[in-house]
Amino acid sequence: MTVNDGAAAPGAPAPNASNWNLPNALTALRIVMVPFFVWFLVAGGSHGQDSMGMRWAAVVTFGLAMLTDKLDGDIARARNLITSFGKIADPIADKLLTGAAFVVLSMLGELWWWVTIVILVREWGITLMRFVVIRYGVMAASKGGKTKTVLQTAALIALLLPLTPFVGQWWLWFAWVLTALALLATVITGIDYVIKAVQLRNRAVRGDAA
């Protein structure tokens with residue numbers, strides 16, 4: 001990570017920022033919300049047939065958790081409260097939330113297991129890869145990665161909403177189309193990150209050799 005004129009590089013941890021701050025508290029809250037979300041979703045059953053109220057509670061919990069994801073990033077950047085803890089905990093919290101949603105939906109028979117497995121392997125694989133190559137430099141989130149996150153969130157919300165009994169099968173097809181787009185973006189951006197990681201390592205090795 002480079003430093004210019006004593007100022008931290010964009011996205012770098014602020015020199016004097018304490019881990020005890022609002023963005024990190026929101027990240028921790030998102031992690032705490034994951035088991036509640038899972039409980040609501042399991043109790044709600046497939047498409048909310050067992051308990052519509054619990055299914056809606058799962059939707060609301062998921063939405064609020066994703067809102068904290070946006071808020072903690074906005075606040076951290078606006079107030080220069082970026083910390084090493086936040087840079088590690090934030091993506092882990094995201095993966096826990098979305099990963100739990102994909103897994104439980106597959107358990108309920110609402111999403112093919114192979115889709116969930118492909119997404120989880122990509123998500124956790126890239127997260128692990130980031131830690132492996134961090135000795136060579138920091139891999140910033142790409143625009144494609146952000147698009148992937150938006151598509152995954154939209155697909156999950158569409159799958160979670162118990163609207164099919166009310167509006168018909170077209171809603172389910174809409175959710176599956178979003179899921180297909182999210183899966184495509186997940187795989188493509190995963191390949192792109194692997195290529196960038198290899199390039200980052202090669203540049204670092206050539207620099208050390210020089």
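Q: How much of residues 96-115 is helix, and how much strand?
A: In this predicted model, residues 96-115 are 75% helix and 0% strand.

Q: Where does UniProt place the feature "transmembrane region"?
A: The unreviewed UniProt entry puts that feature at residues 25-45, 96-115, 150-167 and 173-195.

Q: And what about 150-167, how far apart are the end C-alpha atoms?
A: They lie 24 Å apart. Residues 150-167 are 83% helix and 0% strand.

Q: Back up a bit. How many helices and strands are there in the protein?
A: Seven helices and two strands. Along the sequence the order is β-β-α-α-α-α-α-α-α.

Q: At what angle do α3 and α5 pack?
A: Helix α3, residues 84-107, packs on helix α5, residues 143-160, at about 40°, and the axes are 11 Å apart. The two helices are therefore oblique to each other.

Q: Which hand is the crossing?
A: α3 passes α5 in a left-handed crossing.

Q: Which residues meet there?
A: From α3, Thr98, Ala101, Phe102 and Leu105; from α5, Gln152, Leu156, Leu159 and Leu160. By type, the residues of this contact are six nonpolar, two polar and no charged.

Q: Now α1 and α3. How far apart are the axes?
A: The axes of α1, residues 22-44, and α3 are 9 Å apart, and the angle is about 10°. An angle under 35 degrees counts as roughly parallel, so α1 is roughly parallel to α3.

Q: Which residues of α1 and α3 meet?
A: The α1 side includes Asn24, Thr27, Arg30, Ile31 and Phe37. Among those in α3 are Phe85, Ala89, Asp90, Asp94, Leu97 and Val104. The residues of the α1 contact with α3 divide into 14 nonpolar, three polar and three charged.

Q: What is Asp72 in contact with?
A: Setting aside neighbours within four places in sequence, Asp72 contacts Pro23, Leu26, Thr27, Arg30 and Asp90. Thr27 and Arg30 in α1, and Asp90 in α3, also belong to the contact of α1 with α3.

Q: What share of the residues in the protein is buried?
A: 42% of the 210 residues.

Q: And how many of the contacts join residues at least 24 apart?
A: 75%, among contacts between residues at least 6 apart in sequence.

Technical notes: Residues are numbered from 1 along each chain as its sequence is written. This is a predicted model: local features need pLDDT of at least 70, side-chain atom pairs count only at pLDDT 80 or more; totals for chains, interfaces and linings use all residues. Side-chain values use heavy atoms; hydrogens and water are left out. Axes are lines fitted to C-alpha atoms, for helices over the stretch in contact, and angles run from 0 to 180 degrees between N-to-C directions. Helices (H or I, at least four residues) and strands (E, at least two) are DSSP runs, numbered from the N terminus. Angles under 35 degrees count as roughly parallel, over 145 as roughly antiparallel, 65 to 115 as roughly perpendicular and the rest as oblique. A crossing is left-handed if the near helix is turned anticlockwise from the far one by less than a right angle, and right-handed if clockwise. Contact means heavy atoms within 4.5 Å. Ala, Val, Leu, Ile, Met, Phe, Trp, Tyr, Cys and Pro count as nonpolar, Asp, Glu, Lys and Arg as charged, and the others, Gly among them, as polar. UniProt positions are given in the numbering used here, feature names are shortened, and annotations may be inferred rather than shown by experiment. Buried means under 20% relative accessible area, exposed over 50%, partly exposed in between (1.4 Å probe, protein chains only).
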